[in-house]
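Please look at the sequence and the model before reading on.

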Amino acid sequence: MPSGGTVMASTIGFIGLGNMGGPMAANLVKAGHTVSGFDLSEAALAALEAAGGKRAASVEELAAASDVIVTMLPAGAHVRKVYMGEGGILDAAKPGTLMIDSSTIDVDSARAVAEAASAKGMPMVDAPVSGGVGGAAAGTLTFMVGGPEEAFQKAKPFLDVMGKTIVHTGDAGTGQAAKICNNMILGISMIGVSEAFVLAEKLGLDAQKLFDISSTASGQCWSLTSYCPVPGPLPSSPANRDYQPGFAAEMMLKDLKLAQEAASSAGAATPLGAQAAALYALFCNSGGRGVDFSGIVKYLRGTS
């Protein structure tokens, strides 16, 4: 098992081979690891095999044969079931098996699963990601990693294969906390930038002129300078591809809802986060599902 900065070929089980998990698993194969995968999608399993991985017949089979297990699942309920359910990972894996959960889920679920893993002698980190499908394919993801220092050091060589920026955020659950706080900022800022461009249109101000000014002034932020929500100023942004998703609106809504659940549990006031969640819910229910989250500018303009 690698620790510190040493990388040795390992047997890795990867559960959840979707748009993010598939490329992440492929990068582990490229790094020389033996990767077996499990997913309910035949196409996802076939893609892993094409990349040089193997398919497992069940979670139980995968867990029993792996030194390291990585999961990328839709929600906390799925993570709890896959790890803690009957015939799940924690029943089948060997003591000492390293667990890396890269799903974006609620903090309480992350902590519950980590506690259960620790009780069985299995180090675990919650390691949600930022960087989208492009980052997953390129191996340039950002990982926000919660868990004990020893578990983090064991996980880091594998995360280094899949990502560019690896940050240890603290104890179990803090990786999830970092992810939802970051994406709450992102959701709020994208709405603000979109509102400004809609207002500029109404006032007769050219979008390129607003971009040229605000991108170098006090209005500067990532939502403007790296992901501009209107066509033209930034050729690489989804706005120039009819808002085909790099990060879909329904995924932003999921993260904003997680942030609101966490805020309620912690007793934190997040009025802008709550309003952002409400606006993204309206956008998604008005045809925004499957659209990039920056497409909320169309909803604000009244054209979604």
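In which loop does Asn19 lie? Asn19 sits in the loop between β1 (11-15) and α1 (21-30), where helices (H or I, at least four residues) and strands (E, at least two) are DSSP runs numbered from the N terminus. The model is a predicted one, in which local features need pLDDT of at least 70 and side-chain atom pairs count only at pLDDT 80 or more, while totals for chains, interfaces and linings use all residues. Residues are numbered from 1 along each chain as its sequence is written, and side-chain values use heavy atoms, with hydrogens and water left out.

Asn19 is exposed, with a relative accessible area of 61%; here buried means under 20% relative accessible area, exposed over 50%, and partly exposed in between, for a 1.4 Å probe and protein chains only. The C-alpha atoms of Asn19 and Leu90 are separated by 25 Å, the two residues being 71 residues apart along the chain.

**Pockets**

A pocket is found on a 1 Å grid over the protein atoms alone, as an open set of points where a 1.4 Å probe fits, with protein on both sides within 12 Å along at least five of seven lines, and its lining residues have an atom within 4 Å of a point. Grid points are joined across faces, edges and corners, and a volume is the space filled by probe spheres set on the points. In the lining, Ala, Val, Leu, Ile, Met, Phe, Trp, Tyr, Cys and Pro count as nonpolar, Asp, Glu, Lys and Arg as charged, and the others, Gly among them, as polar.

| Pocket | Volume | Lining |
|---|---|---|
| Largest pocket | About 1,300 Å³ | 42 residues |
| Second largest pocket | About 280 Å³ | 17 residues |

In the largest pocket, Met20, Met72, Val133, Phe247 and Met251 are the lining residues that lie nearest the centre. At least two lining residues are supplied by each of α4 (76-84), β7 (129-130), α7 (132-138), α9 (174-202) and α12 (249-266), and the largest share, 4 residues, comes from α9. By class, the lining of the largest pocket divides into 20 nonpolar, 17 polar and 5 charged residues.

For the second largest pocket, the residues nearest the centre are Val107, Ile180, Ala262, Ala263 and Ala266. Two or more residues of the lining of the second largest pocket come from each of α6 (107-119), α9 and α12, with α12 giving the most, 7 residues. The lining of the second largest pocket has 11 nonpolar, 2 polar and 4 charged residues.

**Helix packing**

α9 and α12 pack with their axes 9 Å apart and at an angle of about 120 degrees, which makes α9 oblique to α12. The axes of α12 and α13 (residues 271-288) come within 9 Å and cross at roughly 150 degrees, and α12 and α13 are therefore roughly antiparallel to each other. Axes are lines fitted to C-alpha atoms, for helices over the stretch in contact, and angles run from 0 to 180 degrees between N-to-C directions; those under 35 degrees count as roughly parallel, over 145 as roughly antiparallel, 65 to 115 as roughly perpendicular and the rest as oblique.

Asp242 lies in the loop between α11 (222-225) and α12, and Tyr243 is found in the loop between α11 and α12. Although Asp242 is not a glycine, Asp242 has a positive phi of about 55 degrees, and phi of Tyr243, a residue other than glycine, is positive and near 60 degrees. Asp242 counts as exposed at 62% relative accessibility, whereas Tyr243 is buried, with a relative accessible area of 6%.
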